[in-house]
Amino acid sequence: MRNQSTKLTRRDFLKTSTAAASVAAIGTLDLSRSAHAAGSDILKVGMIGCGGRNSGAAVQALNADHGARLVAMCDIFRDRIEGKRQEIKGSLERAGKGGQVTVTDDQCFPGFGGYKHIIESCDVVLIANAAKFHPFHAYSAIQAGKHVFVEKPHAIDPAG
């Protein structure tokens with residue numbers, strides 16, 4: 001009869017095996033070669049959706065790497081893009097990193113089709129908009145070979 005304290009649960013097994021697999025996989029990655037586009041030290045970051053969660057994700061991405069630049073933004077509403085662009089830039093200026101926000105007026109895309117421009121012009125795509133668009137926008141970005149962050153990456157129906 002086994003002692004209760006030495007019993008291996010399914011949860012313990014999964015934790016241990018996942019950790020071991022992760023360590024093994026990380027050891028085989030060469031991030032210096034694949035993290036930046038075309039050998040450049042600049043990572044172009046774009047936002048699909050300009051709400052609070054995505055602006056927080058953008059600030060976190062820009063703080064994580066001094067070579068990251070916010071270069072493009074889209075949302076259904078232009079005024080939301082403008083407001084978040086100024087808010088993010090102000091937040092980073094207070095931290096001495098305002099130069100990482102390089103979004104120009106011609107890189108602000110209002111409307112439903114703006115996501116296409118973000119995917120075209122960026123290395124990293126941040127997606128935090130209405131959940132019903134997550135599967136489509138994420139799939140499009142992944143098909144284009146982009147790095148993707150999706151807030152709550154789920155679908156609202158089986159097809160998604």
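Met 47 finds its bridge partner in strand 4, at Leu 126. The model is predicted, with local features requiring pLDDT of at least 70 and side-chain atom pairs counting only at pLDDT 80 or more, while totals for chains, interfaces and linings use all residues. Residues are numbered from 1 along each chain as its sequence is written, and side-chain values rest on heavy atoms, with hydrogens and water left out.

The pairing of strand 1 (residues 43-48) with strand 4 (residues 124-127) is parallel and comprises 4 bridges; two strands count as paired if DSSP finds at least two bridges between them. Strand 1 also pairs with strand 2 in the parallel sense, here over 6 bridges, and Lys 44 has Arg 69 of strand 2 as its bridge partner. Together, 5 strands build an open, parallel sheet in the order 3-2-1-4-5.

Helices (H or I, at least four residues) and strands (E, at least two) are DSSP runs, numbered from the N terminus. Buried residues (under 20% relative accessible area, 1.4 Å probe, protein chains only) make up 33% of the 160 residues. Strand 1 is largely enclosed by the rest of the structure, because 5 of its 6 residues are buried.

Helices pack onto this sheet too. Helix 4 (residues 78-94) lies across strand 1, strand 2 (68-75) and strand 3, at about 160° to strand 2. In helix 5, the buried residues are Gly 114, Tyr 115, Ile 118, Ile 119 and Ser 121; they pack against strands 1, 2, 3 and 4 and helix 6 (134-143), contact meaning heavy atoms within 4.5 Å.

Finally, the largest pocket is lined by 18 residues, with Asp 75, Ile 76, Asn 129, Phe 133 and His 137 nearest its centre. On a 1 Å grid over the protein atoms alone, a pocket is an open set of points where a 1.4 Å probe fits, with protein on both sides within 12 Å along at least five of seven lines, and lining residues have an atom within 4 Å of a point. Strand 2 and helix 5 (114-121) are the elements giving two or more residues to this lining.

Note on methods:
Axes fitted to C-alpha atoms, helices over the stretch in contact; angles between N-to-C directions. Buried < 20%, exposed > 50% of the residue type's maximum accessible area, 1.4 Å probe, protein only.
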